[in-house]
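Please find below some notes for a colleague who is looking over this model.

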Amino acid sequence: MPLRSRLGLLAQHDFRQLFASTTVSQIGLQITQLAMSLVAIDQLGAGEFEAGLLITVQFSAFLLMGLPAGALVDRLRRRSVLIASDLGRAVLLVSVPVAWWAELLTIWHLYLVAFGYGAMTVFFDAAYQSYLPHLVGRRGLVEGNAKLEAVRAVSQTAGPGLAGQLVRLLGAPVALFVDALTMAASVLFYARIRSREQRPARQPGARLRREIAEGLRFVFGQPLLRAIVMCTGTFNLFFALYTAMLIFFLRRDLEIGPGAIGLVLSIFSLGGLLGAVFARRFASWVGQGRAIWMSTAFGTPFLLLMPFAEVGWRLWLAAAASAVAAAGGVIYKVTQVSFRQALTPDHLLGRMNATVRFLVWGAMPVGGLLGAVLGDRFGARVAVGVAVVGMCSAFLPVFLSGLRSMRTLPVEPVGVDRPSPDPDVRVG
């Protein structure tokens, strides 16, 4: 088989730039997640409630800005939004080590950075998932999403271990400076993409409120999309609770260091890599609809070992079991995101993605706040246990929908399927 055929979409120049950008930015994301929490816990002496609020503040941007962000992204060139968002996140992250060096860092500064980072992520995510169909065409969506999830999984596997060592050697504030550099590198790769979108035509009499309502009607008018939103929203609610307390649980309750915490998170992410590799094969084997509910129903219960972890073999067994859950989560994501992208007409992609993100990521600040309250009242271990039980119930909406027995998902885009653009031709 020729090398170009084996590489698939990676043979295209523009997709390679998106692939490379995703790699470096995902490594940076792992640094952010660990370093931000450890800055609060180790540098500022935050307790369970204050540490949990970091998640609430960061993801509250999805509730406050999610819907208008989608409508605004549909009015702009998505590549420009990606570049501006990453630059904004880099500037915010740099402010933390600068304030620390000047001995001016406070928990309120950290909350402000977390909210701004979340706001930039709202726009970035709406543009990112809407940009892929432009680069690869609708027929390349499953392959494109699988490859991007694979590189995310690799980054998430290596990233926490790297983040843990950076925090151990340099300190959490300086690790955030390294993260800012990864965001700057991501921008350089986006700048190398040759294919240019034409600026979306503004419809006469278009109003932001009307455009937001159109996105909401599209998502709620599709029964299968509604089921996916309910499943993902429930999972994210409890996953935010889990995330808010997991690092605190490992750091304070089990008293393990940043390097060991990074290794635990890397083992978890290794399962995500396996899920990305086998996502297409699993969906082909059991059917696309069944893959959506089976991946989360059978994978998530492996997280039940984590609340019972202790220093030693029980911790590493729980970490290994969590890798199975991560594999199921990535299979779920690849299958349902590809379905959403294929189902949605081009002019609604930004609003569809932003509406879904508003609903499913908007649950995360609630979960973060719930984690802060439960952790403060009953301790981090109990909060982690409650989170896992909640995540195990998330599959029910998709299981009880038409997806339960579907092998092939319906694809009904209103727009015209465009072929993958020639990577050497500039458009517009």
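**Notes on the model**

1. The protein chain has 16 helices and zero strands, where helices (H or I, at least four residues) and strands (E, at least two) are DSSP runs numbered from the N terminus. This is a predicted model, in which local features need pLDDT of at least 70 and side-chain atom pairs count only at pLDDT 80 or more, while totals for chains, interfaces and linings use all residues. Residues are numbered from 1 along each chain as its sequence is written, and side-chain values use heavy atoms, with hydrogens and water left out.

2. Of the 428 residues in the protein chain, 58% are buried, that is, under 20% relative accessible area, with exposed meaning over 50% and partly exposed in between (1.4 Å probe, protein chains only). Among contacts (heavy atoms within 4.5 Å) with a separation of 6 or more, 89% join residues 24 or more positions apart.

3. Helix H4 (residues 78-101) and helix H7 (residues 172-191) have axes that come within 8 Å and cross at roughly 160 degrees, the axes being lines fitted to C-alpha atoms over the stretch in contact and the angles running from 0 to 180 degrees between N-to-C directions. H4 is therefore roughly antiparallel to H7, a term used for angles over 145 degrees. The residues of this contact divide into 19 nonpolar, one polar and four charged, with Ala, Val, Leu, Ile, Met, Phe, Trp, Tyr, Cys and Pro counted as nonpolar, Asp, Glu, Lys and Arg as charged, and the others, Gly among them, as polar.

4. Helix H3 (residues 48-73) packs against helix H5 (residues 107-136) at an angle of about 35 degrees, with their axes 7 Å apart. The contact of H3 with H5 holds 20 nonpolar, five polar and two charged residues.

5. Not counting residues up to four places away in sequence, Tyr242 touches Leu303, Met306, Val384, Ala387, Val388 and Met391.

6. Threonine 23 lies in helix H2 (residues 13-43) and, at 22% relative accessibility, counts as partly exposed. Leaving aside neighbours within four places in sequence, threonine 23 is in contact with Val151 and Ser155. Threonine 23 and threonine 182 are 159 residues apart in sequence and 9.3 Å apart in space, C-alpha to C-alpha.

Conventions:
Angles under 35 degrees count as roughly parallel, over 145 as roughly antiparallel, 65 to 115 as roughly perpendicular and the rest as oblique.
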